[in-house]
Amino acid sequence: MNLATSITIALFVADLLIRVGLSARVIMRRRPVGVSLAWLTIILIFPFGGALIYLAIGETRLGTRRARRAERIHAPYLEWLNHLETRKHIDWSQLGQECEPLARLTEATVGIPALPGNALELIDNAEDVFRAIIADIDAAKRTCHLVLYIWGNGGTADEVAEALIRAAARGVICRILLDDVGSMDFLRSEMADRMRRAGIQLRAALPVGLVRALFVRFDLRMHRKIVVIDGELAYAGSLNMVDPRYFKRGSGVGQWIDAMVRVRGPAVEGLAITFLEDWELETAEGVEQLRETGDVRALEEQGSAAVQVVPSGPVTESHTIQQVLLMAIYAARRELILTSPYFVPDELLLTALVSAARRGVDVTLIVPARVDSHLVRLATQAHKIDLLAAGVTIALFEHGLLHTKSITVDGEFSLFGSLNLDPRSLWLNFEITLSVYDRPFTRRLRQLQQRYLAQSQRMDLETWRRRPKVEQLVVNAARLLAPLL
């Protein structure tokens, strides 16, 4: 046997063992069937390459040290959350009958109760959000805590940075946590250096690098958007710290459209503690130290809304946010309106939406007409056809990249935050969602959704069916990759 033959046989045997071994690993991890089949297809079709792709992005790997630290610190924070002094009785009889079961499910899986007495202000454009945040930072006396996916240079975002520099000069403790990928340019910018020199504690979340990529999955991202001022008021939603006039101007999707909610009342505590756990995961500053300087306090009631803070991500119960989302959809009896920039549903989410439409619920999905990912656009198209056939109204927002993530159910309750309707948000990213059990806020959010709907073009099923067969084939092929996007 010559050398070439020996090498060929060795490569064949190695490839076979790798395929069999990784296939067994995929099967034993008991992930959703669609995800498992997609990975098995890639591993079995592509020699060696499929294995490399799976090892790079096929599993949730925070890194050994980070995973151990996350497990170690999560228990004290759960205990902290469970002993919120402001936990008070909610009169569920005054709310929709679906609200209490959803709140109980969420508390059982996340550990955070729904808290009454919150005042909520829905702010539906970036300029007003930035102006409100700047005013609150300028009034801060003790702490300014921010966790964001993207911070971009230029425009009003620079004014927020200047406000933080002024706050630090007054002795306010400023802690800022930015995703290392989403905010890569900013973290290495002159503005970031100025902020550090001013005494602002600016850290990268989930840092990436060539060496780290061998041990840590690089696409696990910090996607939360939370601002907490003095432990007394907070912002949450989908807006990154970027001026829409400057952000991704060359992407061809138009100006990004976003919204945030300003929260005062007991729910701020859940957002504040969520930030501190994220900060501890990256800095190891110490739970006791953060208890002293983290500015978490029992807050008086400020309004009438019951709000439940729902953090999700790789270190929490893996099915938590999916369960909350599915229960909210199945709870709908009359109307369900959803907005999301990225819509790549898994089988369970697709089934829930289809079944809602078929049992007579008026289901409306509002998504941008253009997104900044060609593959996501193709995968989304295939799922839209299934929904149209079931009677779901799909509206394509024409006036920019609609980035607001929201769900309203029967006008009774709503979900609002950073969660996209795609596998990445459900399984990989650190996200934040507010479950709001309050008719007035849900009514205001629904009014915003209706404004988006008025600026949208409804999809037509027959128009799609008349498209060329080649285009339909490409779209349906992209659908097979949907579980991996």
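Student: What volume does the second largest cavity have?

Tutor: The second largest cavity has a volume of about 90 Å³. This is a predicted model, in which local features need pLDDT of at least 70 and side-chain atom pairs pLDDT 80 or more, while totals for chains, interfaces and linings use all residues. Residues are numbered from 1 along each chain, and side-chain values use heavy atoms, without hydrogens and water.

Student: What counts as a cavity?

Tutor: On a 1 Å grid over the protein atoms alone, a cavity is a set of points where a 1.4 Å probe fits but cannot get out; lining residues have an atom within 4 Å of a point.

Student: Which strands supply at least two residues each of that lining?

Tutor: Strand E14 (405-409) and strand E15 (413-417) do. Among the lining residues are Lys-405, Ile-407, Phe-416 and Thr-433.

Student: New topic: how do H5 and H12 pack?

Tutor: Helix H5 (residues 99-110) and helix H12 (residues 320-331) pack at about 175°, with axes 10 Å apart. They are therefore roughly antiparallel, a term for angles over 145 degrees. The contact (heavy atoms within 4.5 Å) includes Leu-105 of H5 and Met-327 of H12.

Student: And how many salt bridges are there?

Tutor: The structure holds 19, each being a side-chain nitrogen of Lys or Arg within 4 Å of a carboxyl oxygen of Asp or Glu. One of them joins Arg-451 and Asp-124 at 2.5 Å, N to O.

Student: How many residues apart are those two?

Tutor: Arg-451, in helix H16 (residues 439-454), and Asp-124, in the loop between strand E1 and helix H6, are 327 residues apart.

Methods. Axes are lines fitted to C-alpha atoms, for helices over the stretch in contact, and angles run from 0 to 180 degrees between N-to-C directions. Helices (H or I, at least four residues) and strands (E, at least two) are DSSP runs, numbered from the N terminus. Angles under 35 degrees count as roughly parallel, over 145 as roughly antiparallel, 65 to 115 as roughly perpendicular and the rest as oblique. On a 1 Å grid over the protein atoms alone, a cavity is a set of points where a 1.4 Å probe fits but cannot get out, and a pocket is an open set with protein on both sides within 12 Å along at least five of seven lines; lining residues have an atom within 4 Å of a point. Grid points are joined across faces, edges and corners, and a volume is the space filled by probe spheres set on the points.
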